[in-house]
Amino acid sequence: HWVNHFPKDKTYGTLIDERDGNEYKTVVIGNRMWMAENLRFADSAAYTNLKGQMWCYNYNVKMCSLGGAYYTWPAVMNFHRQWNDTSATELIKTPYHQGICPNGWHVPALDDFELLRMEYKDGRKLKIAGENTRTWEDVTNISGLSILPVGAYNLLGRFEVGFSNFWLSSEYGKTSA
């Protein structure tokens with residue numbers, strides 16, 4: 001099973017999501033503060049755009065508390081599912097779009113992610129975890145980002161694990177971000 005790993009040589013802050021009480025570690029990388037672990041927000045009553053657009057691993061609610069949730073891009077952005085295959089450029093608040101993030105936080109834009117990658121000169125040096133890794137044993141976590149490699153939920157309704165995908169608020173095209 002997935003186990004969080006936070007390097008002892010990193011200084012972490014704490015974020016408590018006032019919406020649901022979830023506590024997250026935060027880490028400063030360069031001049032930005034990042035959530036150091038996977039988002040676990042799942043209140044589809046308060047955020048109706050999450051209905052049918054988020055899942056827990058193997059459809060087990062307990063897994064969301066361990067590895068976070070799987071979200072569609074519209075769910076992350078707090079948009080209706082119609083924006084899965086239509087450009088939502090006019091709805092994106094720039095430079096900071098909150099989406100389903102806790103108050104005071106935002107969905108990273110491409111610029112944020114590029115600054116993160118530049119901080120390590122090579123995105124692979126973020127050392128989030130190795131391919132097909134489900135635990136943090138023998139992983140060097142240089143960045144302090146302890147995001148678990150929970151993978152993705154594909155269009156066929158299957159969970160693919162062993163890697164991490166990151167949603168950004170920047171659109172890549174009409175049907176991708």
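Because Asp112 belongs to helix H3 and Arg32 to strand E3, the pair ties together parts that are 80 residues apart in sequence. Helices (H or I, at least four residues) and strands (E, at least two) are DSSP runs, numbered from the N terminus. Asp112 counts as buried at 5% relative accessibility, whereas Arg32, at 24%, counts as partly exposed. Here, buried denotes under 20% relative accessible area, exposed over 50%, and partly exposed the range in between (1.4 Å probe, protein chains only).

Residues are numbered from 1 along each chain as its sequence is written. Since the model is predicted, local features need pLDDT of at least 70 and side-chain atom pairs count only at pLDDT 80 or more, while totals for chains, interfaces and linings use all residues; side-chain values use heavy atoms, with hydrogens and water left out.

The structure contains three salt bridges. Among them, Arg19 pairs with Asp17, with the closest N and O atoms 2.7 Å apart; Asp17 is buried at 1% relative accessibility. Glu37 and Arg40 also meet through their side chains in a salt bridge (3.0 Å, N to O). Glu37 is buried, with a relative accessible area of 10%, and Arg40 is likewise buried, at 13%.

Strand E3 is part of an open sheet of three strands, ordered E1-E2-E3 with antiparallel pairing; two strands pair if DSSP finds at least two bridges between them. Strands E1 (13-16) and E3 (32-35) form the edges, each pairing on one side only. On average, neighbouring strands of this sheet are turned by 40 degrees against each other, direction ignored. Axes are lines fitted to C-alpha atoms, for helices over the stretch in contact, and angles run from 0 to 180 degrees between N-to-C directions. Helix H3 (residues 110-119) packs on the sheet and touches E2 and E3, its direction making about 100 degrees with that of E3; contact means heavy atoms within 4.5 Å.

Four bridges link E1 to strand E2 (residues 23-29) in the antiparallel sense, and Thr14 stands opposite Lys25 in E2. E2 and E3 also run antiparallel, joined by four bridges, with Trp34 in E3 as the bridge partner of Val27. The hairpin of E2 and E3 has two residues between the strands, and Gly30 there takes a positive phi near 65 degrees.

Methods
A salt bridge is a side-chain nitrogen of Lys or Arg within 4 Å of a carboxyl oxygen of Asp or Glu.
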